[in-house]
Every structure is written in C-alpha cells, then in structure tokens.
Amino acid sequence: MAVCFGHQIVGRAYGETAERNPLGWEVSVPSVTLSETGKRVFGCDSLALHQMHRDVVRRYPASVKKLGHSDRCEVQGIYVTNRVMTLQGHPEYDAAIACELLERRRGSVLDEATYPDGIDRAHHPHDGVLVGTAFLWFLIKE
C-alpha cells in the first residue's frame with residue numbers, strides 16, 4: 001500500500017513516470033470519482049480525500065486496475081488484486097495538517113491562486129477513516 005509519493009513510485013514500478021501536472025496543484029479535499037473497482041473496494045461512488053501534490057502519474061499502467069480519478073488527476077489510485085493498493089491522496093491528513101502545509105507553501109512553491117481555494121476546502125468532510133478501513137481490509141483479506 002502506498003499514498004502520494006509512494007503511489008507515484010508504484011506507478012513508476014509499473015512503467016509510468018510521475019511528472020508535473022500541467023493543471024497545477026491539487027490541494028485540500030476534492031472529490032475522487034471511483035471506478036467500478038474503486039466502488040467495490042471502498043463501498044461508495046466517490047471519495048472526498050485530502051490532496052497535496054503537484055506531480056502526478058499521468059496514465060494508468062496497462063497491468064493495473066483503476067481506482068478512480070479527480071478533475072485534476074486521472075490516476076488517483078492503483079489496484080492489483082492481492083498485491084498493490086495505492087492512492088494519490090492523503091487519508092491520514094486532517095484540516096489542521098492541510099492548513100499548516102498550505103500556510104508553509106504559500107508564496108513559495110504554492111501559487112497565490114491555489115492558496116485561498118485550498119484553505120476554503122481544507123475543513124470539508126473527508127473519507128480518511130473509510131480509506132483507512134479499506135487499507136486494513138486489504139491487508140487482512142487480500
């Protein structure tokens with residue numbers, strides 16, 4: 001299992017590289033639309049999941065199952081039965097962590113247009129506990 005940078009490393013291991021997203025940063029809590037596999041794994045149609053990344057795996061590797069996508073990131077999760085489960089997002093983040101990172105990155109690596117939108121959405125409800133449960137289920141049952 002892997003999240004964020006680990007997700008990108010797994011993408012590379014399956015033959016796709018991570019690169020700067022031409023759409024820019026994805027921050028705070030956007031909606032992730034789940035694939036059929038993602039719906040089965042998480043038991044819902046979409047996830048609200050904290051994000052904090054500018055690099056993305058641009059394409060799904062051919063040998064994996066897709067977990068989902070967002071408006072800014074096509075490859076939100078990689079799944080291989082009994083082997084691999086990754087997410088681009090951060091199920092371990094909460095609003096306090098997201099706000100701290102937004103503040104620290106404001107004006108340096110994070111552009112001024114992204115900051116206010118990120119702060120506005122940092123406190124939105126998110127599915128970190130649901131994802132944590134799915135991760136545990138994967139470890140126990142897969």
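A salt bridge joins the side chains of E100 and R104, at 2.5 Å from N to O. The term denotes a side-chain nitrogen of Lys or Arg within 4 Å of a carboxyl oxygen of Asp or Glu. The model is predicted: local features need pLDDT of at least 70, side-chain atom pairs count only at pLDDT 80 or more, and totals for chains, interfaces and linings use all residues. Residues are numbered from 1 along each chain as its sequence is written, and side-chain values use heavy atoms, with hydrogens and water left out.

E100 and R104 are separated by about one helical turn because they are 4 residues apart in helix α3 (residues 95-105). Helices (H or I, at least four residues) and strands (E, at least two) are DSSP runs, numbered from the N terminus. Accessibility was classed by relative accessible area: buried under 20%, exposed over 50%, partly exposed in between (1.4 Å probe, protein chains only). E100 counts as partly exposed, at 39% relative accessibility. R104 counts as exposed, at 62%.

The structure holds 7 salt bridges. Another of them pairs the side chains of E36 and K39, with an N to O distance of 3.3 Å. This pair also sits within a helix. E36 and K39 are 3 residues apart in helix α2 (residues 36-42), so about one helical turn separates them. E36 is exposed, because its relative accessibility is 61%. K39 has a relative accessible area of 28% and is therefore partly exposed.

A further salt bridge connects D55 and R20 through their side chains (2.7 Å, N to O). D55 counts as partly exposed at 25% relative accessibility. R20 counts as partly exposed too, at 49%.

Helix α1 (residues 5-13) contains H7. The relative accessibility of H7 is 0%, so H7 counts as buried. Contacts were defined as heavy atoms within 4.5 Å. Residues up to four places away in sequence are not counted for H7. Under that rule, H7 touches A2, V57, V75, Q76, G77, I78, T86, L87 and Q88.

Two residues other than glycine show positive phi. C4 is one of them, with phi of about 50°. C4 is found in the loop between β1 (2-3) and α1. A relative accessible area of 12% makes C4 buried. In N82, which is not a glycine, phi is near 65°. N82 lies in the loop between β9 (77-80) and β10 (84-87). N82 counts as exposed because its relative accessibility is 53%.

Helix α5 (residues 128-141) carries L139. L139 is exposed, as its relative accessible area is 56%. In sequence, L139 and V84 are 55 residues apart. In space, their C-alpha to C-alpha distance is 9.9 Å.
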